Amino acid sequence: MTTRLYYHDSSLCEFDAEVGAVIEIPRPAIVLDRTAFYPTSGGQIFDTGWIVPESASASKIRVTEVADSEDGRVIHFLEAPVKNLQPGTRVHGQIDPARRRDHMQQHSGQHVLSAAFVRLFNMPTVSFHMADDYCSIDLETSILSKEQVESAERLANEIILENRLVDVRFVTREQAATLGLRKIPPVERDELRLIDIHDFDLTACGGTHVKQTGQIGTVLLRKVERVRQGWRVEFVAGQRAVATARRDFTTLTETAALFSSHLYDVPQQARKALDEVKSLLKQYGQSQDEVTTAQAAALLAETPESGGRRVVVRSFAGRDMGFVKMIAQKLTHQSSLVIALLATSSPQPTLVFAQSPGQPYDMGALMKEAMSKLGGRGGGSKDLAQGGVPNAGGIEAALDDALRALGTSSS
Ligand SMILES: [Zn+2]
């Protein structure tokens, strides 16, 4: 068992220890007789830092991850294998203090926030998750309103402002049962470590915590979402809260500049712009309909009937597939005698083949043949088919081929 120095002093970032074991597989790691490094557990993520061997010639080694082993040891994973470490070697441990402080702010912030949800709305926290950039708790509740989220955030920040003492105590399981803890861990352990936020929250926890709530700085609640057993609430505390608010402000400022508006007018401006887009799209749709109807009529008028059919062959430029398809549909509906072999060279080279209902060809098969020659992808039904090709180069030839194929396969 490794002696865990962080149980008694969360601010301890330097310590001396002796190497207990050196591990090489699957990753280089060491076990120490005592450590202040926190291993991932209870929702809190691991510390990083350095191990400095005592011998003057050895350089310090990066600790990249720390984990609990099943037999109660703390495993310190190292950046690279180290030759001069062996059981009995004296080392000095250094924990990255900024990362530790951030974790203390998040974890203590979580205790205050979880207690606030219990006090105000009797919503227990069923799990806590800490990531590198945000944290979340899962609340056991079927509903969670915006007002409840804001009230819990307000109470949590009042407790932080009051700068209440945060004590660590060790009690037996029997004693714990009489103290009215917010949470008792299910694992069988004789001694429990309690985190006591004076007159506000008492809970069993092995994490690293601030000494007074003021050190949390602030908590900022973010996204809430429904999860299987309740609601998930994302939050950030301390410097993370400031960094997050700064990023939000930058994003909003950039968006407001696009609209030449004030920050707080962005939602209104965005709504207005979306309404305009919707209205313009509607007008555009109507215009497309009118233009394609007229153009189809003109194409029909200039295409002579031959052998009981009008075969319209045309390549467009600067028209999208939707436009070409609309022309094909207008042509085949304005006359029952039409075969339309159409294409557009830009913005995206595309072929559209169509025939009036009742005509004898197979546009899908004709399209497949054209695609196999041009290296594109496409297909369709007997009366309407479409396909996209990688470049506009072979389009004219493909239309000629298709026209020839009609000649040879027509009866
Ligand atoms: Zn905790």
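Q: Is the crossing of α1 and α2 left-handed or right-handed?
A: The general idea: look along both helices, and if the near helix is turned anticlockwise from the far one by less than a right angle, the crossing is left-handed, and if clockwise, right-handed. Here, α1 and α2 cross in the right-handed sense. Helices (H or I, at least four residues) and strands (E, at least two) are DSSP runs, numbered from the N terminus. Keep in mind that this is a predicted model, where local features need pLDDT of at least 70, side-chain atom pairs count only at pLDDT 80 or more, and totals for chains, interfaces and linings use all residues. Residues are numbered from 1 along each chain as its sequence is written, and side-chain values use heavy atoms, with hydrogens and water left out.

Q: At what angle do α1 and α2 pack, and how far apart are their axes?
A: Axes are lines fitted to C-alpha atoms, for helices over the stretch in contact, and angles run from 0 to 180 degrees between N-to-C directions. Helix α1 covers residues 97–121 and helix α2 residues 146–161; they pack at about 120°, with axes 9 Å apart. That makes α1 oblique to α2 (under 35 degrees is roughly parallel, over 145 roughly antiparallel, 65 to 115 roughly perpendicular, and the rest oblique).

Q: Which residues make that contact?
A: Contact means heavy atoms within 4.5 Å. From α1 come V112, L113, A116, F117, R119, L120 and F121, and from α2 come Q148, V149, S151, A152, L155, A156 and I159. Sorted by class, eleven residues in the contact are nonpolar, two are polar and one is charged (Ala, Val, Leu, Ile, Met, Phe, Trp, Tyr, Cys and Pro count as nonpolar, Asp, Glu, Lys and Arg as charged, and the others, Gly among them, as polar).

Q: Is G109 buried or exposed?
A: Buried means under 20% relative accessible area, exposed over 50%, and partly exposed in between (1.4 Å probe, protein chains only). G109 sits in helix α1, and its relative accessibility of 0% makes G109 buried. Leaving out residues up to four places away in sequence, G109 touches M104, I216, V219 and F235.

Q: Which residue has a positive phi although it is not a glycine?
A: N122 is one of them, with phi of about 55°. You'll find N122 in the loop between α1 and β9 (125–130), and at 61% relative accessibility N122 counts as exposed. S260 is another non-glycine residue with positive phi, near 50°. S260 lies in the loop between α4 and α5 and is exposed, at 69% relative accessible area.

Q: Where does S261 lie?
A: S261 is in the loop between α4 (239–259) and α5 (266–302). With 18% relative accessibility, S261 counts as buried. Setting aside neighbours within four places in sequence, S261 contacts A256, V266 and Q269.

Q: Where is a cis peptide bond found?
A: One joins S346 and P347, with omega about 5°; P347 is in the loop between β17 (338–344) and β18 (350–355). The I25 to P26 bond is cis too, with omega near 0°, and P26 is in the loop between β2 (14–23) and β3 (29–32).

Q: How many helices and strands are in the chain?
A: The chain has eight helices and 20 strands. Of its 411 residues, 42% count as buried. The C-alpha trace spans about 100 × 55 × 40 Å along its principal axes.
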